[in-house]
Amino acid sequence: MRAVVLAAGKGERLQPITLTKPKALIPVGGRPLLEHVLSALKSAGIGEVVLVVHYMAEKIIRRFGDGSRMGLKLHYIRQGGVYGTADAIGAAEAQVSGDFLAVYGDLLIAPAVIREVLRTHRGGASATMAVVPVEDPRQYGMVRVEGGIVTGIVEKPDVWPYEKLANAGVYVLNESVFDAIRRTGESKRGEREITSTLQEIINGGGEVLAAQIPAEEWMDVGRPWDLLEANRRVLVGLKPGVDGVVEDGANLVGPVYVAGGARVRAGAYVEGPTLIGADCDVGPNCYIRPYTSLGEGVRIGNACEVKNSIIMRGTHIGHLSYVGDSVIGEDCNLGAGTITANLRFDKRTVRVVVKGELVDSGLRKLGVIMGDGAQTGINATIMPGVKIGPKCWIGPNVVVYRDVPPGTRLTLKQELDVGRVPGG
């Protein structure tokens with residue numbers, strides 16, 4: 001059986017990170033998010049995958065190639081635009097026959113999720129969809145299930161009187177679904193959604209089965225702070241080891257992996273689970289706290305502290321800096337003494353602007369979301385939940401209270417008052 005993986009979206013809710021890379025390539029636990037999906041498929045026995053791509057498609061194709069590095073056979077279909085999940089699946093019609101898997105590419109899922117959907121599907125059913133228990137129905141497409149059969153799908157309802165089961169974005173579909181896709185109209189968002197297609201199948205008397213999966217084996221990575229939780233989940237299973245150099249006087253505590261070419265200098269204290277990527281340079285005398293992922297070539301200077309953060313490839317964090325609960329893009333340069341505040345004075349949960357709307361992250365601690373190539377001057381301070389766009393310059397001593405658009409130069413204007421000191 002082939003799998004169709006949807007990786008065409010722009011990931012607008014994950015900006016500013018996705019302004020310069022597709023969300024499929026955002027690193028989580030040291031590997032691109034899409035690679036985790038492909039690994040789960042392979043572990044579940046799927047050897048051939050059709051990737052539907054559009055936004056920054058070339059970057060995805062260059063990263064994964066023909067799939068041989070992962071022991072998979074990959075095919076690519078270019079979606080003409082971002083027109084919805086039904087349109088994306090429909091684009092793969094020529095690449096599949098009979099029953100096939102369809103999976104959203106921005107999920108973090110265990111192989112057991114794939115196996116459960118395959119196990120639940122049976123001949124004669126039009127489709128099988130994974131459903132997962134959730135707490136807030138207003139955030140998900142909700143699925144009404146009766147006796148293992150899907151009887152209705154409603155997108156983000158205000159009130160949901162049934163069992164709180166959400167669409168998990170993993171399906172087994174029959175090739176007959178393509179006729180139903182062609183009949184599917186546009187949603188309120190102006191897109192053709194696969195959930196609308198499945199509802200049409202149900203309305204026409206077709207059978208759609210529900211495969212319930214555990215919440216701890218599934219995660220929808222759709223918002224910036226979701227990256228930190230996904231990173232944490234991956235690092236929980238980290239296998240410790242040292243392929244690089246750990247100098248005398250450095251301490252590794254708990255599961256820590258130091259990749260080849262990396263150096264952990266004397267006086268560094270690293271608590272796991274933590275991943276130190278290839279060719280990193282850490283320390284001396286710095287503190288790396290749990291659930292931190294350092295990408296390839298990251299430099300952490302003297303007397304820095306980094307906690308529960310994703311630091312992407314090529315970024316330098318100058319000495320005497322603090323980075324907590326943050327996502328820092330590629331090739332950033334944080335000047336000495338840069339501080340990412342991650343806790344509000346009033347201890348309330350941190351709110352973040354997502355697609356123009358102020359959204360409660362539900363987190364008491366959340367630092368900065370910084371795009372690729374951003375720089376800060378010495379002693380810059382960034383308030384909780386702020387997003388800084390790619391290629392921004394944040395000047396010395398600046399306190400950043402609100403989001404900074406891409407390519408912005410933000411400096412502090414000072415007044416010079418020259419005069420004699422009284423009595424001088």
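**Ground rules**

I number residues from 1 along each chain as its sequence is written, and I leave hydrogens and water out, with side-chain values resting on heavy atoms. Since the model is predicted, local features need pLDDT of at least 70 and side-chain atom pairs count only at pLDDT 80 or more, while totals for chains, interfaces and linings use all residues. Helices (H or I, at least four residues) and strands (E, at least two) are DSSP runs, numbered from the N terminus.

**Entry: H1 against H2**

I looked up how helix H1 (residues 33–43) sits against helix H2 (residues 57–64). Their axes come within 11 Å and cross at roughly 50°. Axes here are lines fitted to C-alpha atoms, for helices over the stretch in contact, and angles run from 0 to 180 degrees between N-to-C directions. H1 and H2 are therefore oblique to each other; angles under 35 degrees count as roughly parallel, over 145 as roughly antiparallel, 65 to 115 as roughly perpendicular and the rest as oblique.

I then listed the contact, meaning heavy atoms within 4.5 Å. From H1, Leu 34, Glu 35 and Leu 38 meet Ile 60, Arg 63 and Phe 64 of H2. Sorted by class, the contact of H1 with H2 has four nonpolar, no polar and two charged residues. For these classes, Ala, Val, Leu, Ile, Met, Phe, Trp, Tyr, Cys and Pro are nonpolar, Asp, Glu, Lys and Arg are charged, and the others, Gly among them, are polar.

**Entry: H6**

I checked burial along helix H6 (residues 194–203). Seven of its 10 residues are buried, so H6 is largely enclosed by the rest of the structure. Buried means under 20% relative accessible area, exposed over 50%, and partly exposed in between (1.4 Å probe, protein chains only). The buried residues are Ile 194, Thr 195, Thr 197, Leu 198, Gln 199, Ile 201 and Ile 202. After H6 comes Gly 205, with a positive phi near 95°.

**Entry: the nine-stranded sheet**

I traced an open sheet of nine strands with parallel pairing, in the order E15-E18-E21-E24-E27-E30-E35-E38-E40. Strand E15 (245–246) and strand E40 (409–410) are the edge strands, each pairing on one side only. Two strands pair if DSSP finds at least two bridges between them. Strand E38 (residues 393–394) runs parallel to E40 and is joined to E40 by two bridges. Ile 394 has Leu 410 in E40 as its bridge partner.

Within this sheet I picked out Asp 281, which is found in strand E21 (residues 281–282). Asp 281 counts as buried because its relative accessibility is 18%. Leaving out residues up to four places away in sequence, Asp 281 touches Arg 263, Arg 265, Val 298, Arg 299 and Ile 300.

**Entry: the E32–E33 hairpin**

I looked at strand E32 (residues 351–354) and strand E33 (residues 357–360), which run antiparallel and are joined by four bridges. One of these pairs Val 354 with Glu 357 in E33. Two residues lie between the strands of this hairpin, and Lys 355 in the turn has a positive phi of about 55°. In a regular strand the side chains alternate between the two faces of the sheet. On E32 the covered face holds Val 352 and Val 354, the uncovered one Arg 351 and Val 353.

**Entry: backbone exceptions**

Most residues other than glycine have a negative phi, and most peptide bonds are trans. I noted these exceptions.

- Gln 15 and Pro 16 are joined by a cis peptide bond with omega about 15°; Pro 16 is in the loop between strand E1 (3–7) and strand E2 (27–28).
- Gly 272 and Pro 273 are joined by a cis peptide bond with omega about 5°; Pro 273 is in the loop between strand E19 (269–271) and strand E20 (274–276).
- Asp 279, not a glycine, has a positive phi of about 65°. Asp 279 lies in the loop between E20 and E21 and is partly exposed, with a relative accessible area of 44%.
- Lys 391, also not a glycine, has a positive phi near 65°. Lys 391 is in the loop between strand E37 (387–388) and E38 and is exposed at 60% relative accessible area.
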